[in-house]
Amino acid sequence: MGKKFYLTTPIFYPNAKLHMGHAYTTVLADALARYHRLRSEETYLLTGSDENTEKVVRAAKDAGVDVKTFLDGIVSNFKSLFSSLGSSYDQFIRTSDEKIHYPGAQALWQKLVEAGDIYKSSYEGLYCVGHESFITEKELVEGKCPDHGTPPEKLKEENYFFRLSRYSGRVKDLIESGQLEITPASRQGEILSLLKEGLADISFSRPASKVTVGIPVPGDDTQRMYVWCDALSNYITAIGYGRDESSFKKYWPADLHVIGKDILRFHAAIWPAMLLSGGIPVPKRILVHGFITSGGKKMSKTLGNVIDPQELIEEYGAEAVRYYLLRHVSPFEDGDLTKESFKEVYNANLANGLGNLISRTLTMAGTLGVKLSYHPSDEEVLAVESEYTKHFENLEVNRALDLIFSRVSELDAYIQETQPFKLIKTDPEKAKKHLEYLLEELAEIAVLLRPFLPNTAESIFKALGEGKNPGALFLRKE
Ligand code: MSP
């Protein structure tokens, strides 16, 4: 068996439609998964939905349907968006799945109990229903949660707590020693300074009487697990923790968790601490991406700048959406997308750039009957593309895609210089030589495009094999 590569997206809240930010997490993780498959690694991509939350219960109520019907509907929308985005996920975990998820979440809880890290105490604080978490006085704006615009509720209750305070130092050591790598370095710095301050214990359960959904705490039916042990544990329960030891051992530790910057603390502090407590290896690496904004602002209904990924897919095709997100957004920073910037990039780089190059080359090749004489294998191409692989190893997928598109520009310039379209009549033998070269280059480009634009890559291969113009791959949008 070759090397394995296990990577995950966060599990998404199924209380509303997915937006461009969620599409970004999905497409980014997918490109990385496809790259590792291209390297013949046994790759496993996990995604899913975070279902045991009061947010969902409220959303179902608002929609006037029971929770299960509501969730089934949303999850099927998620899956159809993921497949139209070309996500090649291997598993979609639902945390309400009592067979797949519950046994592992409960087994993990039990481990933390055995380690002496779970204790009961009373908690009093301000609770924001929108966030499903306690919120501090300091965070409030005019007495309201700044994100939800609603006043928090005062809550006092008996909870189980997790002794997170015990682990600040050890998690810090893991990160500093590189055993747990946080990319980019700026996020690593952020989490390290938090860990240096020390972490406080966290509330780990809620009274069953106060919540509608939630995994029962082992041995105490009056309590339900709170988000941490319920949601974060999906990364291990999905692959068999507490259920199928051999599958779990095969894939764990995760090679990469892909997350957005808002959930850094959960993944880089709380999650490793839980794993340490449970005697389970920690993930190897976490990629923390930025946020997608529109016109420099956070997408919001009030500003009217929300862009629905489905709309763009319908108008331009999923490959164009993947292209924009993977090339024009740096995984390490916030990235902007407006309908205007999307169209501009589409026309310039896809319709006039790649699409035009392929169509011109294959038309000329067809006229002269030139065919690709040798199809390079994926391994052969990757073996000589060290810059490309280096960018992937650094998780700078946008730079890997830059490389491909600078080759597209170079080939355009090559056609301009050598003018095979004129040579077809004056010196067909010479024209053939240029076209053979161009076809070989296109075949390499198609291999390199696989993680990014899988369908386009296939269309190029097909066209090269048949020696026919594939037609306009990307139609210009006026
Ligand atoms: N359910 C939690 C995660 C639990 S993981 C054990 C959650 N869900 S979410 O649906 O709100 O977000 C899912 C992912 O989308 C997160 O990685 C989050 O950072 C990302 N994004 C949400 N809004 C975003 C943008 N505007 N831009 C980019 N990514 C954003 O958090």
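Colleague: Let's start with one residue. Where does His19 lie?

Modeller: His19 sits in the loop between β1 (4-12) and α1 (20-38). Keep in mind that we are looking at a predicted model.

Colleague: Why is His19 called partly exposed?

Modeller: The relative accessible area of His19 is 35%. Buried means under 20% and exposed means over 50%, so a value in between is called partly exposed. His19 therefore counts as partly exposed.

Colleague: How far apart are His19 and Asn352?

Modeller: In sequence they are 333 residues apart, and in space 28 Å, C-alpha to C-alpha.

Colleague: Let's step back to the whole protein. What makes its radius of gyration agree with a compact globule?

Modeller: For 478 residues, a compact globule would have a radius of gyration near 23 Å, and the protein has 25 Å, which agrees. Its C-alpha atoms fill a box of roughly 90 × 50 × 40 Å along the principal axes. Of the 478 residues, 56% count as buried, and the secondary structure comes to 19 helices and 16 strands.

Colleague: What share of the contacts with a separation of 6 or more comes from residues 24 or more positions apart?

Modeller: Those residues account for 76% of such contacts in the protein.

Colleague: What makes helix α12 mostly covered?

Modeller: Ten of the eleven residues of α12 (residues 318-328) are buried. Among them are Glu319, Arg322, Tyr324 and Leu325.

Colleague: Which residues does Leu325 contact, leaving aside its neighbours within four places in sequence?

Modeller: Leu325 is in contact with Met20, Ala23, Tyr24, Val27, Ile292 and Leu337. Leu325 also belongs to the largest nonpolar core, of 95 residues, where Leu32, Leu325, Tyr388, Leu449 and Phe452 touch the most other members. Helix α13 (residues 339-368) gives the largest share of this core, twelve residues. A second, separate core of 63 residues includes Tyr6, Leu195, Leu199 and Val282.

Colleague: Let's turn to the rings. How many aromatic pairs are there?

Modeller: The count comes to 32 aromatic pairs.

Colleague: Why is the pair of Phe78 and Phe82 called tilted?

Modeller: Their centres are 6.2 Å apart, and a pair needs centres within 6.5 Å. Their planes stand at 40 degrees. Stacked means under 30 degrees and edge-to-face over 60, so the rest count as tilted. Both residues lie in helix α3 (residues 67-84), four residues apart, about one turn of the helix, and both are buried.

Colleague: What makes Trp228 and Phe266 edge-to-face?

Modeller: The angle between the planes is 65 degrees, with 4.8 Å centre to centre, and edge-to-face means over 60. Trp228 lies in helix α7 (residues 227-232) and Phe266 in helix α10 (residues 264-278), 38 residues apart.

Colleague: Are Trp228 and Phe266 buried or partly exposed?

Modeller: Trp228 is buried, because its relative accessible area is 10%. Phe266 has 25%, so it is partly exposed.

Colleague: One last item. How do you know that Lys79 lies over the face of Phe92?

Modeller: Lys79 is 5.1 Å from the ring centre of Phe92, and the distance cut-off is within 6 Å. The charged end of Lys477 sits over the ring of Tyr316 too, 5.5 Å from its centre.

Technical notes:
Residues are numbered from 1 along each chain as its sequence is written. This is a predicted model: local features need pLDDT of at least 70, side-chain atom pairs count only at pLDDT 80 or more; totals for chains, interfaces and linings use all residues. Side-chain values use heavy atoms; hydrogens and water are left out. A nonpolar core is a set of buried Ala, Val, Leu, Ile, Met, Phe, Trp, Tyr and Cys residues joined through side-chain atoms within 4.5 Å. Buried means under 20% relative accessible area, exposed over 50%, partly exposed in between (1.4 Å probe, protein chains only). Helices (H or I, at least four residues) and strands (E, at least two) are DSSP runs, numbered from the N terminus. Contact means heavy atoms within 4.5 Å. Rings of Phe, Tyr and Trp (its six-membered ring) pair if their centres lie within 6.5 Å; planes under 30 degrees apart count as stacked, over 60 as edge-to-face and the rest as tilted. A charge sits over a ring if NZ of Lys or CZ of Arg is within 6 Å of the ring centre and within 35 degrees of the ring normal. The radius of gyration is taken over C-alpha atoms; the globule rule is 2.2 Å times the number of residues to the power 0.38.
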